[in-house]
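Here's a friendly walk through one protein chain, section by section. Keep the structure open beside you while you read.

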Amino acid sequence: MGKHRRSGLRPAKIRNVIALIPAHNEADAIADSIQGLYGQTVPPRQVIVVADNCTDTTVAIADSLGAEVFETQGNRHKKAGGLNQALARLLPYLHDDDVVLVTDADSALDPGFVACGVEHLAKGYGGVGGTFRGGPGGGFVGHLQRNEYARYSRDVKRLGGKCLVLTGTAAMFRVQVLRQISQARLEGRLPAGDGLGGIYDTSVLTEDNELTFAVLHLGYQVLSPEGCTLTTEVMLTWKALWDQRLRWKRGAVENCVQYGLTRITWRYWGRQLLSMVGVLVTAVYLATLAYALASHSFHVNEFWLWVSLVFVIERVVTVRELGWKRMLLAASMYELLFDFLLQACHAKAYLDSVFRRERAW
């Protein structure tokens, strides 16, 4: 069986890689995404842009660069629905040992991504994903996201590629695994999704997180190896960032509820619990500070001083790969605003989930 897998997927020689780029009005970014695939040391056999209800020049640009274009028909389920349509058309013609790579239109893969992914899929992993850098732009809010992504990449690297989710920025799957997911949905062993055996669940906010759950519940392991790296766009405004993170957080919570407490999801439930504790600690910290200032009784509390020191050290150490200037800047704790924003986002996501408020993609 080998140490890298826990089910019947055998190690094998990968045959072909087919890349899918889901795109909705991505004229500004699609060229970089396509060129990133053409520039791979092991280029995909096919590059297919899944054009979903595009009204700009996305299709024309993709066609001019030699990519194949699949235009969705009547899709009302955004990225997940578009990919399901494309995969339903594509999978019957592929071999079990072929690989499907799905990468966002606003992401550009580094040249060794595909080669690294193929190497690890050949060992029997159920899916391989990437770690990412934030692209340019966005001013201060973009800068904060680039720091955040650097910390995430550092954490995954320190864990030897172990990751909680194969992010939607880029992920690779053996066709055999995708077929097993489709069959398991039809048989009721996994959430039904679109009810038609579609690979992606069109009923959830975070289809990449749900698909990772599906792969894991079929007994496979997932990995984001060090060689699978890419650049992805950052949110350019605070409003866009808030909307993105609210969707991510609420989607993650609802995916846990969707699958229940299992041998796979207990770790994810644990992270949700830790996030809740973090929200409460932040609320107590701010309430204590506000009360002290309002009552003119502010003084340095030794407990909160130590908490602050630990926070400063963590901020400094985790941006080490960005250079000493970023480390020095991080010591000023200027990122507190960003952390408080994320905590508020977490709190709202929990409340929205509990009270079943209307969801927005």
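## Salt bridges across the chain

Let's start with a pair of side chains: D96 and R179 meet in a salt bridge, 2.6 Å from N to O. (A salt bridge here is a side-chain nitrogen of Lys or Arg within 4 Å of a carboxyl oxygen of Asp or Glu.) The two partners come from distant parts of the chain, 83 residues apart, with D96 in the loop between α3 and β4 and R179 in helix α6. Helices (H or I, at least four residues) and strands (E, at least two) are DSSP runs, numbered from the N terminus. D96 counts as partly exposed, at 29% relative accessibility, and R179 is partly exposed with a relative accessible area of 29%. For these labels, buried means under 20% relative accessible area, exposed means over 50%, and partly exposed is in between (1.4 Å probe, protein chains only).

Before going on, a word on what you're looking at: this is a predicted model, where local features need pLDDT of at least 70, side-chain atom pairs count only at pLDDT 80 or more, and totals for chains, interfaces and linings use all residues. Residues are numbered from 1 along each chain as its sequence is written, and side-chain values use heavy atoms, with hydrogens and water left out.

How many salt bridges does a search of the whole structure find? The search turns up 15. Side chains of opposite charge can pair when their charged atoms come close.

Another of these pairs is E226 with K157, at 3.5 Å from N to O. E226 sits in the loop between β9 (222-223) and β10 (229-232) and K157 in helix α5 (residues 139-158), so this bridge ties together parts that are 69 residues apart in sequence. E226 is exposed, with a relative accessible area of 58%, while K157 is partly exposed at 44%.

D243 and K239 also form a salt bridge, and their closest N and O atoms are 2.6 Å apart. These two are 4 residues apart in helix α8, so about one helical turn separates them. D243 counts as partly exposed at 36% relative accessibility, and K239 counts as exposed at 56%. There's a network as well: salt bridges link K79, D104 and E207.

## The nonpolar cores

Now for the inside. The largest nonpolar core has 38 residues, and L20, L91, V100, F173, I181 and Y200 are the ones that touch the most other members. (A nonpolar core is a set of buried Ala, Val, Leu, Ile, Met, Phe, Trp, Tyr and Cys residues joined through side-chain atoms within 4.5 Å.) Several elements each supply at least two residues of this core, including the strands β1 (17-23), β2 (46-51), β4 (99-103) and β8 (170-174). Helices on that list include α3 (78-90), α6 (175-187), α7 (207-217) and α8 (238-259). Apart from this core lies another, of 31 residues, with A62, V114, L121 and L230 among them.

What is Y200 in contact with, leaving aside its neighbours within four places in sequence? The list is A80, L83, N84, L87, V102, F173, E207 and L211, where contact means heavy atoms within 4.5 Å.

Not counting residues up to four places away in sequence, Q145 touches V234, M235, L241, Q244 and R245. Q145 and V234 are 89 residues apart in sequence, yet their C-alpha atoms are 6.6 Å apart in space.

N209 lies in helix α7 and counts as buried too, at 11% relative accessibility.

UniProt, in an unreviewed entry, lists residues 20-181 as "domain: Glycosyltransferase 2-like". That span is 40% helix and 21% strand, and its end C-alpha atoms lie 18 Å apart. UniProt positions are given in the numbering used here, feature names are shortened, and annotations may be inferred rather than shown by experiment.

The unreviewed entry also places "transmembrane region" at residues 273-291 and 303-323. Residues 273-291 are 100% helix and 0% strand, with end C-alpha atoms 27 Å apart. L273 belongs to helix α9 (residues 266-294) and counts as exposed, at 53% relative accessibility.
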